[in-house]
Each structure stands twice: as C-alpha cells, then as structure tokens.
Amino acid sequence: MTRRLSVRPVWFAVSVLVVLSLLLTACATPATTPTTPSTGEPAAPPAPTAPPEPAVLTFGWLGKPDTLNPAYAFLTESYIIFDLIFSPLLTENSSGKYAGGLAESWTHSDDGLTWTFKLYDNIKWHDGTPLTAEDVAWSINAVIENPDGWAALSGYVGGFKAASAPDAKTVQIDLESPIGNMEYRVSFLYALPRKDFESFATPEDLQNFANDRAIGTGAFKLNRFDKDQGVLILDANPDYFRGRPKIDQVIFRTFDNEDAMVQALKVGDVDAVIEVPSTAFETVKGFENVKVVQQPSRSLSQLIINSAPADHEPTPTRNPALEDPQVRLAIAHAINKQDLVEIVLQGLGKPGDSIIPPTLGGGFWYNPNLNDVPFDLAKANDILEKAGYVKGTDGVRAKGDVKLDFRLQYPSDSDTAPRVADLLTGWFKEAGIKVSPQSTDPDSLTAACCPTADYDLMLWGWGSDPDPDFMLSVLTSEQFVDGGWSDSGYSNPKYDELYKAQQVAVDPAERQKIVWEMQKIAFDDRPYIVYWYADTLEAYRTDRFKNFIESPIVQIEGVESLLQVEPVR
Amino acid sequence: MSRRDYLFRKLVLAIVTLCVVVTIDFFLFRVLPGDPVRAVIGRNVRITAETQAALREQFGLDKPVFPDQFFNTIGQWLQGNLGVSWSLRRPVGEVLMSKLGNTLLLISLGQIFSIVLGISLGLFAGWKRKTRIDVSALTFSLVAWATPTFWLGIILLAAGSTWLGLPTGGSVEPANVGKPIWEVLPDVARHLILPTLTFTIVYLGEYMLIMRSSVLEVLSEDYILTAKAKGLSQWQVLRRHALKNAMLPIVTLVALNLGFTVSGAIYIETVFSYDGLGKLFQSALEKQDFPLLQGAFLLLAVSVIVANLIADLLYTYLDPRVRET
C-alpha cells in the first residue's frame, strides 16, 4: 500500500507539469503564430507591402438573439441581426423617414387600399439565386395566412388582405381598410427564402425552427451563430444590391458581465459596445481612443398603478384607494422625476411624462402639452387631506379602513428599479403614503400582473417601436388578456375607440391629433406615471473604425451605420 | 468486515441517497413560484390562451404533479431518456454533454492546482509552525478563502487583460468557435488562465487551512516522535509518516467540494462569460425548465455521490482502520 501511495505524488507532479507547460505554450503562442483575423487585440500596423488585413469589427453586448427565426423572435438583439442579414421592403433611415429597403419606390392607390412597391434591380439571396417579387409576396402572405405560427410578426399584417407579384419587380399589397402607418408596418416584414420556411406543418414546428443558417438578402451574410458560446459572426455580402459594406466581418460577442465588457472595450478586445451601463459611462468616457455616443432612446420607464376594472375576473387584489383619482394625483405630485434622472440615471436621460417617447417620428407623435404634475410634497399632502385621508399615529394616511399602504414590486433584473423604489418610498412617506418595495423575478411579476391584477404598484419599462401604435396598444383593454401586452389593466372605451381610429387615419396630421389626445387621456387617468426616458449609451474605439452613424434613430450597429463604417488604416 | 462488504454497503447507501435526492429535487422545483410556460416563453410574447394550453399539455403540466408527472419522469429516466429541455428544445442529455467538457476542464484544472498548492502550502506551514512563513501562509489562505469569487474574478480579469493581454471572456476567440478543441488548444488554454487562477485562489485557502491543522495534529502524535528518535530526517518524517495521515481530511473535503465547485463555477463562468454547466443551471432555474433542471441536478448528485464513493474507496487504502470497523 505504501507503494501505491508513493506513486501518487509523482502522478500529481506529472499532471501539473503537463498542465503548466500547456498554459505556458498558450501564453507564448499568440505572440509567435499569426493567428486568424485577430478579433481581440488591436492589430499591429501592417507592413507597407503586406495585403490589408480583413477589417473585422467586434461588438460587445450583454444579450444575444433568442432565435434567428423571425417568426418567433422577441428580443431586440434578434431584430438588430435581422436588419443586417434580411431586408424588408422599407427601412427607417437616420432622419426618421422611411427609405428603400428592397423597394426603390412605392405608391398607394387613392383609396389607400392598394400599395405598390417597385424593387431594386439585381437583388440576390446570399446563396446567389436572384430574388423575385414572388419571393417577397410569399414572405408576406405566409404571415397573413399563418398568424399563429408567425407570432412575432403577425401584429404587422393586421388589416392586410394579401400580397401579390404582378411582375418580377413589383410587389402589391391589398388592404382591407386604409392603414395610416403602412411604411412602418412593412419595415418589419423581411423577405425570407420560401424553401426554408414553407415545409412546417404546424405553428409549433415553425416556431421550433432555429434558422441557424439563415439566408437573406441583407448587407451581411450569416457565417456562424453559436448561441451557447455567445458568438455571432457575419461576413460582408459582396453582392449586396446597394453596394458591398466597407468592412469584411462583424462579430457580436456576448458578455455575461458588464464590467468585463467595459474592460474588453478598454483593452481593445472589442471595438464597440452596444449598451454601456449607465454606472460605467463616466469611466468609459475617460478611456483612451474611445468615443461614447449618448442619444435619446425610444424607451420609457414607468410606475404602473393597478387599473384593472373592478369587475375583472379574477377580482383585482389591489388597495381600493388606488381607484381614487385624487390618490393618483397625490402620488404623481410625490415623485421627483428630475432627482430620479440625476441620481439614478446619473443624468443620462430625461424626465418623462407621456407614454409616447419624444423620439418617435422625430418628435412628431409626442404630445408636448401634457403639463406634467410638478414635484410638490405639500400639495400632495394637501390633496390627500382634502380627499379625506387623515394621518394616523404611524404617519400613514387612512380614510376609514382604507389605509394608504401599497405594495411596490419591481423586476429583479433591473439595475435601476431598486434605487428608484428606494427614493419613491422616501417621498411617499412624507406624503403619508406607505409603500413596501419588493424585488420580484420578471416571470413572477408577469404572473402577478397580467392579467391577474394581483398587485398595487409596479416599476417597469417598455422599449417602443418607431411608430406610436405599439405603445398606444399597451393601454387598450383588449390587451389585458392572457398573453396580451397590458400590465396596468387600464380600460377606457374612449381610449380604445381612439386607438382604432388612429390605425385607419391615413392623413398624418389627423392621426397625430388622435395620438396626442390618447396621450392626454392616459396621462390624466394615470394607469402609468412615466418617470423617465433613459438615453441609449454606446461607445466605440476611434483607433479601429470610423464613420459610424450617431443618431437617435439609427444606432451604431444599425445596417445604415455598418454600410458606411470603414476601418482606420 | 471484508472490503467487499464495506464497498457493497457504501454502494447501496449511494443508490438510496441518489433516489432521495432525485425525489426531493423533483418536488422542490415544482413548489417554485411562477409558471413554467410563461417563463419559457418570456414576457413579451403575445400568444393565445389555446397555445399556452397546448404547451402545458405538451410539457405534461396539465397532469397532477403526483403521481402522473413524477412517475412519467422516473419512467423516462429508467429508459435512459432525460427528456427534452423546454426552453432550448433540445434533448437534455445532449445539452448537458455539450457544456460538460468546458466545465470539467475548468473545474479539474482549478481543483488540481488548488489541491496541490493548498496541500503543499499547508504542509509547509504546519511544519514551520509559528514562523514568519507560517503566519504569512496562514494570512494569505484566510484572505483567499474569505474573498468573494465574483470580486476576485473581476479584479483578475481587469489586471490580466490590461497587463498580460489575456482575453476578457469566452472559452475561445470568436474566430475559433466551433472548431475541435485539439486544433485550437493554445487559444483554449489562454482563455482558461484567468478563470483557473481565480478558481485556484478561492479554493486553495480552504485546502491549506485544513491541511495545516491536520499536519499540526499529526506532528504531535507519538509515532512522529518515534520516527524522529529513529533518526529519520525531517523530510522523511514528513513524507513517510505525517503526510499520509494528514491527507485523510483532505480526501473527504475534495469529495464534498465537488458539488460546491459546480456552484462556484457559476460565478466564474459569469465573470468570464465562459460557456459551461454553471450558467446552464442558472438559466434553467430562471426559466423553470424542469427537465433540464432535473437532468442537471441528477448529474450533480451522481457526481457528488460517485466522488464520495471514490473517497470511501481511497479511505480503505489510506486508513486500514476503516476496513476493520
């Protein structure tokens, strides 16, 4: 036995030596072997005679696409990639106008029921076969005919009758009734290869299709998507119909940790970062050869007040005081939005009021006349006093049995919500309102709100579409169903009616009027108290690439931006 | 009792333990709040109540947890089928195997380094008791043991990437993703340096402390005095007499630690964006992906139990007394 044991240290020593030598070679090799397109380290200046190294632009981000199948993709990351590898008929440019995607020009009939799109010449799929109008029509009809399968896109074809291809260069879409935001609608309808998508028998089969070898007509071709490793590689499409991109490859790398991502930008492991954490923004600003891009975004954050109708099934389990408009008004007076932005967002955003962020349509859709309720604790106290809520010995107001004591839940994956909840608790306390903040995982939060209505107050946020339709739909009563978008349970027949009216208003000025009115109604009824519009924070290394588009509409990783980006040589 | 009886008893005990753990896990996951169907689909998904009902039926969630769901699961397992992950829509066995390699590499390297260094350091400190060496080694180990894994990882990541040009995350460079591991070995190793270092430092302290106290205890035994009296050199005393006896608690600790190392790996994998089992467990839990969770915990339970069996086996060699009791 002693012999056996004495063998072990030797075995240990050998294995340790093997491992050590392995690690040492590892340290040594990168310096000597000119490895593949080094994505990480800043490239050494090439010798004058050497052919230029491929220009590989690496982005760092914290997420990754949930799938590359547009039928069933829900994360923003997926849509960022879709814009690069697929093409819709139209696409939004950096001035907020719709410009040609696949379509070079487009018109609609006088009654607004027929839209005709003329396609660019020489559009090819990534496998080299030419794209025809027939392909585009098929892609749109697939969504119209199978809305259950194409769950993620079916919202965009509401009111579409059918698409057709009168000739090889023309796509025609027939509508049931005129649609006011047609250009936005088609900007999410990508041309997809029929052979990859037509064989699925059931909606589930279609949704289970990962499309890991996605073929499109976009400026970039999918080279590899490894979801587990968090690596997505795109190659420039030399045959792109609007001209080849000036860079050769784009890599998206997922970081599970934001500090690591920021560090990667600092040392040049990545060339750009899509979402700089607001807490790291000042630090990143100070990095050498790094430019930060701060732009107003399309997102909003709000305090949600349980507004489900009293006869809702199941019965809302909220504090009845929340049904009192005066209580809601007092709550609005007790929120210092300026402080929230300064303290929690470090000033990287704007106080909010409307459910439509001021960035939509370049500000066209945002109602600037809401006259936000000012922060005024004396006023809040006054309103509650007049409404009959009297302060008890514990400093909490009550009217009869109804005590102003609310639950305040927020999603556990938010980094700002805990601090917002903390500040709100302090202000509310001074107004005689007690809240108990509670961090809840997002799924349980969904279970509590939608459509169970089992909560009092919540903090949550939305990322808006470019068109106001989506944000407006969130407060309609028909969305307060299982799997619907509504979390507040707000229900107002007038609002619902206006929502339908804006969908068919073709004249922008007329639609704007309705959209503004809806914002006013939502603001006055307060299912949401929107507290801020946070900025988008991005950053890129100036010593590697130049000519990114910096705009609130097209982000640095948008297709328009990546078409003009070129390496710094 | 003969060694065979001893091992047989241990084996039976291991199987019983496995059954109990598996049963507890099964019910534990199902008392979690939330709805797996919603969790799997995510929040921002507009799907009809019918589709949700269909999913529920597909997952078997429309049936009672006991006995239907329970026996279905056990029945599947007995046929060697771990089921299909709900969130990833891939067979659980395949998902686990795809992550196992990376984690095994990280854990085994980290364990080997921390064990070897921890034991050497502990032995040395115990031997040089109450000297400056002992105090420094002890302080270092206490600090290392108390350092949060996450924090240490971040610090090492920042330092290593700034001064040594080591990668900031991932298990290979993006360009090497999908290539067989032997083709890109230097790259794999380069990505392993910082995670392994973090792992080593975090676990080294514990091994060192246990080893040191164990050595101290052994050195005060009479047979050590006897060995010294026989005229053996200090090194011979340590190697032949002290080390072997002092190793006993370490063997137990290593076996016990196996379960904890996987959970410790979650932090390291998260800091270094390293694709492994730890992160898979975390996402399975967040998504309430029961088949994946059950498969993952089965794997974990089996590995801890097997490690303990091996420890028991080693004991029969290391300590004859075990066989005799």
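What percentage of the 325 residues in chain B is buried? In this predicted model, buried residues make up 38% of the chain. The C-alpha atoms of chain B fill a box of roughly 85 × 60 × 35 Å along the principal axes.

Chain B has 14 helices and zero strands. Contacts across the sequence come next. Take the contacts in chain B with a separation of 6 or more: 74% of them join residues 24 or more positions apart.

Now turn to one helix pair. Two packed helices are described by the angle between their axes and the distance between the axes. Helix α8 of chain B spans residues 185–219, and helix α10 of chain B spans residues 234–246. They pack at an angle of about 130 degrees. Their axes lie 9 Å apart. The crossing of the two is right-handed.

Which residues of α8(B) and α10(B) meet? From α8(B) come B:Met211, B:Ser214, B:Val215, B:Val218 and B:Leu219. From α10(B) come B:Ala242, B:Asn245 and B:Ala246. By class, the contact has six nonpolar and two polar residues. No charged residue takes part.

How far can the coordinates be read? Where pLDDT is low, the predicted coordinates should not be read in detail. The mean pLDDT of chain B is 85. Of its residues, 94% reach 70 or more. For the complex, the predictor gives an ipTM of 0.83 and a pTM of 0.82.

Note on methods: Residues are numbered from 1 along each chain as its sequence is written. Chains are lettered from A and ligands numbered from 1 in the order in which they are written. This is a predicted model: local features need pLDDT of at least 70, side-chain atom pairs count only at pLDDT 80 or more; totals for chains, interfaces and linings use all residues. Axes are lines fitted to C-alpha atoms, for helices over the stretch in contact, and angles run from 0 to 180 degrees between N-to-C directions. Helices (H or I, at least four residues) and strands (E, at least two) are DSSP runs, numbered from the N terminus. A crossing is left-handed if the near helix is turned anticlockwise from the far one by less than a right angle, and right-handed if clockwise. Two residues are in contact if their C-beta atoms, placed from the backbone, lie within 7 Å. Ala, Val, Leu, Ile, Met, Phe, Trp, Tyr, Cys and Pro count as nonpolar, Asp, Glu, Lys and Arg as charged, and the others, Gly among them, as polar. pLDDT is the predictor's confidence in each residue, from 0 to 100. A residue is buried if 20 or more other C-beta atoms lie within 10 Å of its own, exposed if 12 or fewer, and partly exposed in between; C-beta atoms are placed from the backbone.
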